[in-house]
Amino acid sequence: MIEYTSTRHNPGIDPTLHLWGWEIPVYLFLGGLVAGLMMLSGYHLLRSRWDHDRAHGHYVTAPLFSLALLSAGMLTLFLDLEHKVQVWRLYLTFRPASPMSWGSWILLLVYPALAASALLTLPDSLPRLVRRLPVLSRVAATLSGRDGTVHLIGFANLVLGAMLGVYTGVLLSALGARPLWNSALLGPLFLFSGLSTGAATLHLLSHLTPRARGDAPGFSDALASVLVTWLRPPSAPEGSRKLEQADNSFLTIELVLLALFFGGLMTSTLAHQTGARLLLTGPWAAPFWVFVVGSGILLPLLLQFLQAQRRIQSTLVPALLVIGGGLALRFILVAAGQASHWSIALP
Amino acid sequence: MNAPFFKYDLFGDEISLVVAFAIGIGFGFFLERAGFGRARMLAAQFYFRDLRVLKVMFTAIITAMVGLFLLSRLGLVDLSLVYLTPTFLVPQAVGGLILGVGFVIGGYCPGTSCVSAATGRIDGMVYLAGMIGGLVGFAEIYPRVEHLVKATPMGQVTLAEQFNLPYGLLVFAVVLMALGAFLAAEWAEKVVGRKTPDPDSLLAPARPLAPVRRFAIVLVSLGLVAAFAGNPYRGAFARVDTKQLALDAGNKADHVSAVQLADWIVEGRNDFLLIDVRDAAEFAAYHIPGARHVPLAELTSDFVARNERIVVCSEGGIHAAQAWYLLRSLGFPAVYLLFGGLEEWKDTVLYPQAPPATAAPRDQVEFARRAAVATFFGGSPQTTGGAAPAATPALPKLAPPTPAAAPAGAPAGKPKKKKEGC
């Protein structure tokens, strides 16, 4: 009891410090990850002539993984809601000034776009299900029959993915009461962090889906081979080099955005500077520099650079580090943001 | 800018973890590049097939040794602030034997098992898991074996002190010993392990001035310089920088307020020593929980390790200030004084005064916090009757609680394991 009041670590003493627990960071991470996956597979659909590039294993299973991850993320968001039964009211109105309203509508549109791109690849990703339900294969054939439809689905995924990615950051930056989040750069930062974790996840999927047999890699196969080829894939699959290069570009942009984010805060008011110092030198400095910058950005950058030059063996380590770094960024920013106050600037 | 940087407050706890991350990555990288992530490579030294481990480790030791010695002679490193692990002769010999047996059986030492696990080797991961299991098991039985672990204590000793040798001479001797070991290792590799020598080996290089020979010459000459360079420790002859002392005293960076100290104790911080310089009777009557009684006359240059963070307290503050000057001139870098002494401690921590009812909510919250801290230390908050503030400080001079009145489980009261060490 004494310790609670004197060190104020108890949620009952300082409830505002602990308004958001693990649910929001996990949702922001999964939302960003799905946004990245949507943009990458949308870009793939737009660029590819569909018939030729069907065999790209990771793009086949990605939409289904995205649907699963997004649903998990939505579940955490739902867990965080105070009035769970009232959630439907969000869809009775649209308020252009409210990021929450934007977010709920974006999420509503994201699902059909993802479902359409999942349907496109369903005969390859879940062959058994499609054999049971032939109607699915007819739908898939109709959708992939015309390049225009495929491109439309790709475009929708690209645009909605970008909106989703930016929205996860805007959700925080719109809360003016927290000086650390009070930066417009948070949207792009989360978007590019999402893109890098998305590319890393695709890379992971490409390693985990068997390609040797020539037939299509199934969704369930991919899950089962997670344990088999854990750290040492037999060889780097085709396309993974491009993904590594893309991931490195995203990580570099993310690093620049982080620098600009802190640059902006440090040249702003005392409250913003104090907020930024929470991460730079304060209580979150060690996890931030180690897990976000060190092992989340710099180390995978270096490893992927060396892998791309074929100077070291290609492994899943950089992909796992990038995903860990993305998760750490959300957790640390959400926690440190809630600890940053305007009252710090008062005399 | 002097080293050790942490001790000179160049960075705090958080940044020190970031530095540790960078050093750890670098250390792991070079261990892996040296081939130490492979158990076969490490075990090869026991069969004299490849004594690379011995060479790398010994090179690291003499490089660090010569470097530290010379840097401290140049005044860039204060060796007395570098932490030395205390020696417990018999337990450490037994521990070394256990480690050696584990090394031979498993093929890894603790550091290299981490490298091996990080490079994806399953034997390394199993070894690491076993090590963590052993650590947990040891921590669980520690209270029962503590007397064994702390048997035959010798304190913080160095070879030079133990054998009464000049430090520099010892450095030179170790460099020569290392060179001898390298030569013996190459000879053993050739004769016992049947290994064809490298073209650039120390023993029989293809060219007369191979890089490894040049490196050896540099190390031996630096060792020779060290042999005549004198004592690297800054002794009692070090000059006191009175200007710096005056500046430190002037900018009040050396003050710790009673409230701050109370918070440290409540938080269970154990990275500082609280020294009470009053006389024995006063100390027996009351002292701050966790304080250690050291009269002014006993503040010598070796009364505690010089890398300790020390907070001095006295009744009013004058004796503490004198102790501060004394300790600073004895070369203790991190000395602070309890501002206002025990008087201030009683007024603000043990018996804090309630703010008037009209005070701002922030002050009320702050007082609630202070009241809780006061109860923690066995004191009681003083509330003023009604809204009118008392004209005179009506703080009743209660008999200060005896030490027993302080909660027995006060975190700072218990000796805790230091954070330092390897």
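Let's start with confidence: chain B averages a pLDDT of 81, and 89% of its residues score at least 70. Bear in mind as you look around that this is a predicted model. For the model as a whole, the scores are ipTM 0.72 and pTM 0.69.

Within chain B, the helix to look at for the highest confidence is α6 (residues 122–149), with a mean pLDDT of 93. Confidence is lowest in helix α10 of chain B (residues 242–250), where the mean is 77. Residues 385–422 of chain B call for some care, as pLDDT stays under 50 over that stretch. The model has 41 contacts beyond four places in sequence for those residues. Where pLDDT is low, the predicted coordinates should not be read in detail.

Staying with chain B, have a look at helix α1, which covers residues 13–33. Its 21 residues reach 30 Å from the first C-alpha to the last, close to the 30 Å expected at 1.5 Å a residue. After α1(B) comes G35(B), whose phi is positive, near 90°.

Now let's move to chain A and two pairs of helices. The axes of helix α4 (residues 99–125) of chain A and helix α6 (residues 134–145) of chain A come within 8 Å and cross at roughly 110°. An angle from 65 to 115 degrees counts as roughly perpendicular, so that is how α4(A) lies relative to α6(A). The crossing of α4(A) past α6(A) is left-handed. On the α4(A) side, the contact is made by A116(A), L119(A), L120(A), L122(A) and P123(A). Helix α6(A) brings L136(A), S137(A), V139(A), A140(A), L143(A) and S144(A). By class, the contact of α4(A) with α6(A) has nine nonpolar residues, two polar ones and no charged ones.

The second pair in chain A is helix α10 (residues 240–266) and helix α12 (residues 285–308), whose axes come within 10 Å and cross at roughly 150°. Angles over 145 degrees count as roughly antiparallel, so α10(A) is roughly antiparallel to α12(A). Here, too, you will find a left-handed crossing as α10(A) passes α12(A). From α10(A), the residues that meet α12(A) are R241(A), E244(A), Q245(A), D247(A), N248(A), L251(A), E254(A) and L255(A). Their partners in α12(A) are I297(A), P300(A), L301(A), Q304(A), F305(A), Q307(A) and A308(A). The contact of α10(A) with α12(A) divides into seven nonpolar, four polar and four charged residues.

Technical notes
Residues numbered from 1 in each chain as written. Chains lettered and ligands numbered in written order. Predicted model: local features only at pLDDT ≥ 70, side-chain atom pairs only at ≥ 80, totals over all residues. pLDDT = per-residue confidence, 0-100. Helix = DSSP H or I, 4+ residues; strand = E, 2+ residues; numbered from the N terminus. Contact = placed C-beta atoms within 7 Å. Expected span 1.5 Å × (residues − 1). Axes fitted to C-alpha atoms, helices over the stretch in contact; angles between N-to-C directions. Parallel < 35°, antiparallel > 145°, perpendicular 65-115°, else oblique. Left-handed = near helix turned anticlockwise from the far one by under 90°. Nonpolar A, V, L, I, M, F, W, Y, C, P; charged D, E, K, R; others polar.
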